[in-house]
Amino acid sequence: MTDTKKEPETVPARGAAAANNNVEDATETSVAAEAVEPSAEERVAALETELAEQKDHLLRALAETENLRRALDSLPESEIRDERTRGLLAGVAATERELLSVFERHGIQRIDPDGERFDHNLHQAIFEAERPGKPSGMIIEVLQPGYVLHDRLLRPAMVGVAKENPGPGEPAESASTVA
């Protein structure tokens with residue numbers, strides 16, 4: 001009769017090390033195997049996780065700056081005369097200045113393009129409006145400032161752009177239609 005049970009397999013390196021009373025070498029080999037650097041996929045995954053965390057922190061800081069700006073702009077003039085309100089405004093303004101100075105120290109610059117020419121690499125047009133005396137493509141209003149980190153765009157500035165004024169004899173549609 002044949003025995004269906006398999007005998008346990010031994011690892012040759014361990015068996016040879018134990019036979020030679022060379023147990024320390026086997027331990028050193030296993031420690032060296034544990035100290036191997038992570039694979040490229042693991043490093044990429046770790047870096048992507050870190051990047052996502054940093055992006056989240058940055059976006060939260062930018063949102064906080066925007067909230068501060070809105071807090072400063074939202075108070076009516078009649079409320080500014082009150083001593084408590086002035087103290088609050090001074091605190092909000094000081095917080096905004098500190099946050100912007102931290103941004104500058106880390107290479108983040110604010111884009112506030114009022115009166116500049118529209119650049120699709122830095123700005124996002126929210127609306128177009130006719131403005132007499134303003135050439136087509138000029139930014140007429142900044143709804144939300146943008147930010148760049150060194151030369152990389154973090155958030156485009158949301159702007160309103162002047163559109164071309166049609167002449168008195170030509171209809172508005174004919175200027176933009178293509179034959």
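Residues are numbered from 1 along each chain as its sequence is written. Because the model is predicted, local features need pLDDT of at least 70 and side-chain atom pairs count only at pLDDT 80 or more, whereas totals for chains, interfaces and linings use all residues; side-chain values use heavy atoms, with hydrogens and water left out.

**View 1. Overall arrangement of the protein.** The protein has five helices and six strands (DSSP runs numbered from the N terminus: helices are H or I of at least four residues, strands are E of at least two). Their order from the N terminus is α-α-α-α-α-β-β-β-β-β-β. Of the 179 residues, 20% are buried (under 20% relative accessible area; exposed is over 50% and partly exposed lies in between, with a 1.4 Å probe and protein chains only). The accessible surface is about 14,000 Å², and carbon and sulfur atoms account for 53% of this surface (Shrake-Rupley method, 1.4 Å probe). Among contacts (heavy atoms within 4.5 Å) between residues at least 6 apart in sequence, 58% join residues at least 24 apart.

View 2. Three strands make up an open sheet with the order 1-4-5 and antiparallel pairing (two strands pair if DSSP finds at least two bridges between them). Strand 1 and strand 4 run antiparallel and are joined by four bridges; Ile-108 has Leu-149 in strand 4 as its bridge partner. Helix 5 lies across strand 1 and strand 4 and runs at about 120° to strand 1 (axes are lines fitted to C-alpha atoms, for helices over the stretch in contact; angles run from 0 to 180 degrees between N-to-C directions).

**View 3. The aromatic pair.** Rings of Phe, Tyr and Trp (its six-membered ring) pair if their centres lie within 6.5 Å; planes under 30 degrees apart count as stacked, over 60 as edge-to-face and the rest as tilted. By this rule there is one aromatic pair. Phe-103 and Tyr-147 form this edge-to-face pair, at 5.9 Å centre to centre and 80° between the planes. Phe-103 belongs to helix 5 (residues 83-105) and Tyr-147 to strand 4 (residues 146-149), so that the pair links distant parts of the chain, 44 residues apart. Both Phe-103 and Tyr-147 are buried.

**View 4. Surroundings of Gln-144.** Gln-144 is located in strand 3 (residues 139-144). Gln-144 counts as buried because its relative accessibility is 13%. Not counting residues up to four places away in sequence, Gln-144 touches Glu-66, Arg-69, Arg-70, Arg-155, Ala-157 and Met-158.
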